[in-house]
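Keep the structure open in your viewer and follow the selections below in order. Each stop says what to select and what is there.

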Amino acid sequence: AVYLLSDDLADPRLIQRLEDYVQQGGLLFVSPGGFADIERFNRRLHKGGQGLVPCPIEAATLISERTGNTETDISILAENLARFFEGETAKLLSDVRFYRKFFPPRGWKAAGDVKILASLRGRARTPLIIQSPFGRGKVVTLLSPFDNQWNNWARNPTFVVLVYQLIFLNRKWISDNELRVGDRLQESTVAIPKSSSMSRLLVRSSSSSVGVQKTSEIGRAHV
């Protein structure tokens, strides 16, 4: 997965590379930074509905302004995620507090394959985490930066649970170049010239690619 947490979207080539990555089946996490340029974010990432993120964002708003100082803890809406936040984990999740967030335009609703995975519970129930398809891949948009002035989630153990479960649930496939526990690996040795300064070498077999280390004085590497 790739995490886009920076406000530096000045280089259009970066956006194009991210689009290509997700189009081919990648997973992208997007969170506008605390000083995000709203106009540029919408123009480069939303693109009127054709970009990576499924909705434009408006200026950040204090949560208390939208909820009348009511409780604003997280409500996990996706069933495949909610089961990981039960029991003791639910107690930890209740300690998460959000102070500011970006909001979609009033009246915006998730349509098609766009899903709201989590929202803020309170009088104004608003999207917090949105998942959307892009080509063969997925984009997960979090509408509040990982910043203590915006929320305390990154300091809560449930944050790690959420990130890992999102990656697990959105994985498309494991490529031929990756190994799983239990996969058979054929051993081989590769000659490396003694004069070579190479410390790593990639060896491609019919089933996998594996890194090897130069390990001996005579210049032989063992997989």
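Start by selecting Lys47, which is partly exposed with a relative accessible area of 38%. The model is a predicted one. Is Glu19 buried or exposed? At 9% relative accessibility, Glu19 counts as buried, because the cut-off for buried is under 20%.

How many salt bridges does the structure hold? There are three.

For another of them, select Glu39 and Arg43, whose closest N and O atoms are 2.8 Å apart in a salt bridge. Glu39 and Arg43 lie four residues apart in helix α2, so about one helical turn separates them. Glu39 is partly exposed, at a relative accessible area of 47%, and Arg43 is partly exposed too, at 43%.

Next select Lys91 and Glu88. Their salt bridge has its closest N and O atoms 3.3 Å apart. Both sit in helix α5 (residues 88-93), three residues apart, so they too are separated by about one helical turn. Glu88 is exposed, with a relative accessible area of 56%.

Last, go to Leu62 in strand β3 (residues 61-62). Leu62 is partly exposed, with a relative accessible area of 34%. Show its surroundings: leaving aside neighbours within four places in sequence, Leu62 is in contact with Tyr99 and Arg100. The C-alpha atoms of Leu62 and Arg100 are separated by 4.4 Å, although the two residues are 38 residues apart along the chain.

Note on methods: Residues are numbered from 1 along each chain as its sequence is written. This is a predicted model: local features need pLDDT of at least 70, side-chain atom pairs count only at pLDDT 80 or more; totals for chains, interfaces and linings use all residues. Side-chain values use heavy atoms; hydrogens and water are left out. Helices (H or I, at least four residues) and strands (E, at least two) are DSSP runs, numbered from the N terminus. Buried means under 20% relative accessible area, exposed over 50%, partly exposed in between (1.4 Å probe, protein chains only). Contact means heavy atoms within 4.5 Å. A salt bridge is a side-chain nitrogen of Lys or Arg within 4 Å of a carboxyl oxygen of Asp or Glu.
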